[in-house]
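Welcome! Take a moment to look over the structure below, then read on for a short tour of a few of its features.

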Amino acid sequence: MPLFDSLYNFAGWLTGNREEAEDLVQETYLKALKGFSSFQQGTNFRAWIFRILRNAFLTSRTGLKATRTVPLESDDEETAVASATMDTPESILLGRASQEAIQAALGKLPVIFREVLLLSDVEEMSYQEISETVSIPIGTVMSRLYRARRAMREELQGASNG
Amino acid sequence: MASDIWQPKIDRYVDAELSEEEMRAMDAHLRECSSCAVQALRQMRLKHDTKLAARRYASSPQFRRKIADQVIANQVIADQVGARRPVPWRWGWAPLLAAAAMVLLVAGIFLSRSSEQARSGQLLSELTDIHVANLAASTPVDVVSSDRHTVKPWFQGKVPFSFNLPELAGSPFTLVGGRLTYLDHEPGAHLIYNIGAHHISVFVFRDQPDLAHAFSTGESSKDVLKFHVESWSAHELRYFVVGDASDESIHQLTSMWKEAGNS
């Protein structure tokens with residue numbers, strides 16, 4: 001089945017719950033089969049089916065609850081230059097975060113940041129594909145990615161200091 | 001500082017989103033600038049580690065089998081429907097070509113109409129599915145209020161349009177509330193009304209080209225699986241009223257919505 005593992009993993013991260021992830025994946029495949037006629041040949045199938053899953057999530061109770069919590073900063077915020085750090089290549093390699101710490105930090109991200117980070121880093125989608133999947137402009141994709149990564153770094157930094 | 005120019009590009013460099021020329025320039029810069037090199041290395045490490053750590057959820061073999069079975073079952077149905085399509089004839093007689101062309105022209109018009117009808121049937125079927133699934137839900141609405149001035153603002157920022165709800169004073173209808181819904185991947189508003197023991201759903205969507213094409217006749221009134229459905233478009237919005245209440249009730253609510261939409 002096309003993209004089954006990727007869709008399941010994405011659904012798991014959106015819902016944080018295996019039962020809900022299964023419902024979401026099942027709904028996605030049924031909607032994709034039912035609405036395949038709406039898929040335009042030659043366009044991006046992966047973005048299309050991930051968009052179905054994401055829309056199904058947004059209409060679920062968990063999705064509505066998650067998207068009610070929106071960050072105060074604007075999406076149009078310029079991607080500011082990162083502040084200077086005292087890192088060195090050695091300290092970065094030695095201070096590598098554990099898998100558990102990364103999962104915890106990812107789980108704490110607001111869903112609008114988590115989804116773009118997953119699509120970029122895990123699914124290796126281009127900015128264009130993410131833009132099509134999430135239905136936001138490419139500039140907003142870049143802004144959300146920047147803020148997601150900044151939040152991840154801060155969370156991981158806090159965890160290693162704490 | 002030179003780094004100020006390069007640092008904002010580091011994310012795009014790590015994500016391989018720079019042009020070839022910019023990638024080469026960035027490579028050259030990273031060999032010279034330790035500050036940017038450290039930052040790029042840190043970004044690459046985080047991206048790599050995130051990829052590994054985020055592969056967290058794996059399905060059970062049973063669930064995978066269940067979905068595969070459903071996909072196959074749907075494919076079989078689709079193949080059976082496809083097999084019933086008529087095979088085109090091959091006529092080699094020149095004098096009959098004109099007649100064949102005429103047949104094809106008529107068939108083309110007929111198939112175009114059939115395709116519109118099939119699409120509108122599919123969309124109406126999806127809406128009745130949403131209506132029925134909603135009746136069975138433990139919390140059928142996300143905003144619970146009989147006050148239209150509470151329900152309408154709830155949709156602001158959730159749907160890419162604005163719409164008016166009718167005043168219900170003096171009518172037999174009660175507004176239960178509203179929820180966000182999707183049709184063909186487009187967000188829309190779903191309002192639920194009560195009349196006696198019956199529930200009626202009103203759906204509002206942007207009148208996208210696909211919807212406009214499927215409902216090219218403008219207004220329609222149909223019965224789908226014993227549900228009465230009325231549909232119309234006005235001011236670039238497409239409305240649907242779905243329910244098992246009497247045709248008169250559905251029509252009355254439809255008229256009230258039309259009036260509100262024009263006010």
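In this predicted model, 11 of the 12 residues of α7(A) are buried, so this helix is largely enclosed by the rest of the structure.

**Helix α7 of chain A**
- The helix runs over residues 111-122, and at 1.5 Å a residue its 12 residues should span 16 Å; the end C-alpha atoms are 15 Å apart, which agrees.
- Among the buried residues of α7(A) are Phe113(A), Arg114(A), Glu115(A), Leu118(A) and Asp121(A).
- Just after α7(A), you will find Glu124(A) with a positive phi of about 55°.

**Two helices side by side in chain A**
- Helix α1 (residues 4-15) and helix α3 (residues 45-59) of chain A have axes that come within 11 Å and cross at roughly 25°.
- Because angles under 35 degrees count as roughly parallel, α1(A) is roughly parallel to α3(A).
- The crossing of α1(A) with α3(A) is right-handed.
- On the α1(A) side, Leu7(A), Phe10(A), Ala11(A), Leu14(A) and Thr15(A) make the contact, and α3(A) brings Ile49(A), Phe50(A), Leu53(A) and Phe57(A).
- Sorted by class, this contact of α1(A) with α3(A) has 8 nonpolar, 1 polar and no charged residues.

**Where chain B touches chain A**
- Chain A gives 46 residues to the contact and chain B gives 37.
- On the chain B side, the elements that give two or more residues are α4 (34-53), α5 (61-83) and β2 (174-183).
- The largest share of that side, 12 residues, comes from α4(B).
- By class, the side of chain B that touches chain A has 15 nonpolar, 8 polar and 14 charged residues.

Note on methods: Residues numbered from 1 in each chain as written. Chains lettered and ligands numbered in written order. Predicted model: local features only at pLDDT ≥ 70, side-chain atom pairs only at ≥ 80, totals over all residues. Contact = placed C-beta atoms within 7 Å. Helix = DSSP H or I, 4+ residues; strand = E, 2+ residues; numbered from the N terminus. Nonpolar A, V, L, I, M, F, W, Y, C, P; charged D, E, K, R; others polar. Axes fitted to C-alpha atoms, helices over the stretch in contact; angles between N-to-C directions. Parallel < 35°, antiparallel > 145°, perpendicular 65-115°, else oblique. Left-handed = near helix turned anticlockwise from the far one by under 90°. Expected span 1.5 Å × (residues − 1). Buried ≥ 20, exposed ≤ 12 C-beta atoms within 10 Å, placed from the backbone.
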